[in-house]
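Work through the exercises below with the model open. Try each task before reading its solution.

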Amino acid sequence: MAITGKVPLERALSKLGLASRSEARALILEGRVSVDGRTLTNPSIRIVPERAAIAVDGAIKKGGAEPLTIILHKPRGYVTTRSDPEGRKTIYDLLTDLPQRVIPVGRLDLATSGLLILTNDTQFGNWLTDPATRIPRIYLVTVRGEVTDDVAARLTAGITSGKERLAADDVIVRKRSKRESHLTMTLTEGKNREIRRLLDAVDHPVTELRRVQFGGLALGTLAPGKWRRASAEELRAAFPAYVSRRRAPSPK
């Protein structure tokens with residue numbers, strides 16, 4: 001019989017066939033169950049199973065929400081949060097017609113546009129943002145002033161900002177003049193405002209920043225403010241290392 005309305009989390013796991021009632025309670029108390037990306041440790045907390053992404057040990061389980069990963073073309077002027085105390089527009093204002101709740105993989109700041117991945121698969125999202133995976137992110141950048149080859153080399157050699165070491169993996173100067181330069185920059189870590197901090201350090205402040213690729217996923221012709229679903233086949237092709245990791249046998 002289908003579950004309707006809010007029910008205790010332990011009952012939801014049991015009725016959806018994810019575990020027996022006693023097993024479900026133990027899993028929850030051990031902190032191994034998350035709902036919509038948030039770990040819950042109270043077996044009695046009430047949820048609506050049909051609307052929830054239920055995961056055990058980080059993996060979305062059959063019976064919970066189907067895995068969903070989307071690509072959003074985030075416009076400038078939107079914050080990457082569900083709500084904003086300052087009343088600014090958020091990316092969720094653009095996602096009102098989504099069938100399931102998804103969370104962003106990393107963030108793009110208010111003035112940055114471009115490709116943003118959102119998913120309800122917390123294990124996949126965590127893998128994408130783990131610095132150890134070193135997934136390349138490609139950005140198109142416009143800056144003030146003429147970026148010389150020496151400056152581009154400094155950006156890849158690295159600089160120190162505060163106590164943090166920052167460096168781009170690759171910098172291509174596509175166009176330059178005394179007034180402004182256009183760059184393509186590749187990063188493999190998601191450090192806070194890294195590109196802006198790098199370019200501020202060499203006296204070339206950013207005037208426009210857009211992410212166009214994340215791993216094997218490209219923004220393409222997706223219009224600002226629009227989103228599309230990434231198919232399972234597309235994700236497998238875009239992130240083969242994750243597929244290999246999931247297939248690898250667990251260590252004994």
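The model is predicted: local features need pLDDT of at least 70, side-chain atom pairs count only at pLDDT 80 or more, and totals for chains, interfaces and linings use all residues. Numbering starts from 1 along each chain as its sequence is written, and side-chain values use heavy atoms, without hydrogens and water.

**Exercise 1.** Find the strand order of the open four-strand sheet, and its edges.

Solution. Strands pair if DSSP finds at least two bridges between them.
- The order is E3-E2-E5-E6, with antiparallel pairing.
- E3 (38-39) and E6 (59-60) each have a single partner strand, so one side of each lacks a neighbour in the sheet.
- Two bridges join E5 (residues 54-56) to E6. Val-56 stands opposite Ala-59.

**Exercise 2.** Determine which residues of helix H4 are buried and what covers them.

Solution. Buried means under 20% relative accessible area, exposed over 50%, partly exposed in between (1.4 Å probe, protein chains only).
- In H4 (residues 149-157), Val-151, Ala-152 and Leu-155 are buried.
- They fall within an arc of 100 degrees, so they line one face. The arc is taken from the directions from helix axis to C-beta atoms.
- Asp-149, Asp-150 and Ala-157 are exposed on the face turned away.
- The cover includes strands E13 (170-176) and E14 (180-187) and helix H5 (194-201).

**Exercise 3.** Is Leu-140 buried, exposed or partly exposed?

Solution. Leu-140 lies in strand E10 (residues 137-144). Its relative accessibility is 25%, so Leu-140 counts as partly exposed.

Note on methods:
Contact means heavy atoms within 4.5 Å.
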